[in-house]
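Dear colleague,

Please find below the structure that I am handing over to you. A summary of the findings follows it.

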Amino acid sequence: MTKTLVNYQTLKNSFNQEVSTQLQMVDSLSKNGKFLVIQTDPITVEVEVNTNNIETITIKSKLLNTPLYDEIFIALEKSLNCSSVKFYNAYKSAIKNGTVVTAENNNIKVVHDARNGQLNVKITKEN
């Protein structure tokens with residue numbers, strides 16, 4: 001069973017206060033499913049929602065290093081109340097070695113996949 005990370009509106013309201021205008025999430029989602037909520041080259045953010053609750057956040061970047069990723073991830077950490085150096089270390093290790101590295105904090109699990117010269121990050125709730 002997939003666990004709820006946060007309500008979409010709650011995340012959007014908090015997140016949008018932390019990021020530049022180009023990275024703000026779309027206003028609302030009308031149904032269940034996967035939605036692209038941020039699209040700014042070279043990065044996209046997709047959420048999987050069920051009854052307005054986010055179950056998965058996926059960040060995809062065509063580049064391993066971009067300041068847009070840093071801005072997005074820091075805002076998500078703050079909005080999800082899970083900030084940890086573990087996530088930064090996992091990200092740096094993944095991009096340095098071109099591998100998959102997982103980190104967890106406050107029941108939030110983040111999988112950093114830096115294979116194939118691109119960065120794919122999946123955020124879910126554990127427990």
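**Salt bridges and aromatic pairs**

Lys12 counts as buried, because its relative accessibility is 10% and the limit for that class is under 20%. Please note that the model is a predicted one.

The structure contains four salt bridges. In one of them, Lys12 is joined to Asp27, with 4.0 Å between the closest N and O atoms. Lys12 belongs to helix 1 (residues 8-18) and Asp27 to the loop between helix 1 and strand 2 (33-40), so this pair ties together parts that are 15 residues apart in sequence.

Asp41 lies in the loop between strand 2 and strand 3 (43-50), and Lys62 in the loop between strand 4 (53-61) and helix 2, so parts 21 residues apart in sequence are tied together. Both residues, Asp41 and Lys62, are exposed.

Arg115 and Asp113 form a further salt bridge, at 2.8 Å between the closest N and O atoms. Arg115 is partly exposed at 44% relative accessibility, whereas Asp113 is buried at 16%.

As to the rings, there are three aromatic pairs. One of these, Phe73 with Phe87, is edge-to-face, with 5.8 Å from centre to centre and 75° between the planes. The pair links helix 2 (residues 67-79), which holds Phe73, to helix 3 (residues 85-97), which holds Phe87, across 14 residues. Phe73 is buried at 7% relative accessible area, and Phe87 is buried at 1%. Ring pairs join Tyr69, Phe73, Phe87 and Tyr91 into a cluster.

Yours sincerely

Note on methods
Residues numbered from 1 in each chain as written. Predicted model: local features only at pLDDT ≥ 70, side-chain atom pairs only at ≥ 80, totals over all residues. Heavy atoms only, no water. Phe/Tyr/Trp six-rings, centres within 6.5 Å; stacked < 30°, edge-to-face > 60°. Helix = DSSP H or I, 4+ residues; strand = E, 2+ residues; numbered from the N terminus. Buried < 20%, exposed > 50% of the residue type's maximum accessible area, 1.4 Å probe, protein only. Salt bridge = Lys/Arg side-chain N within 4 Å of Asp/Glu carboxyl O.
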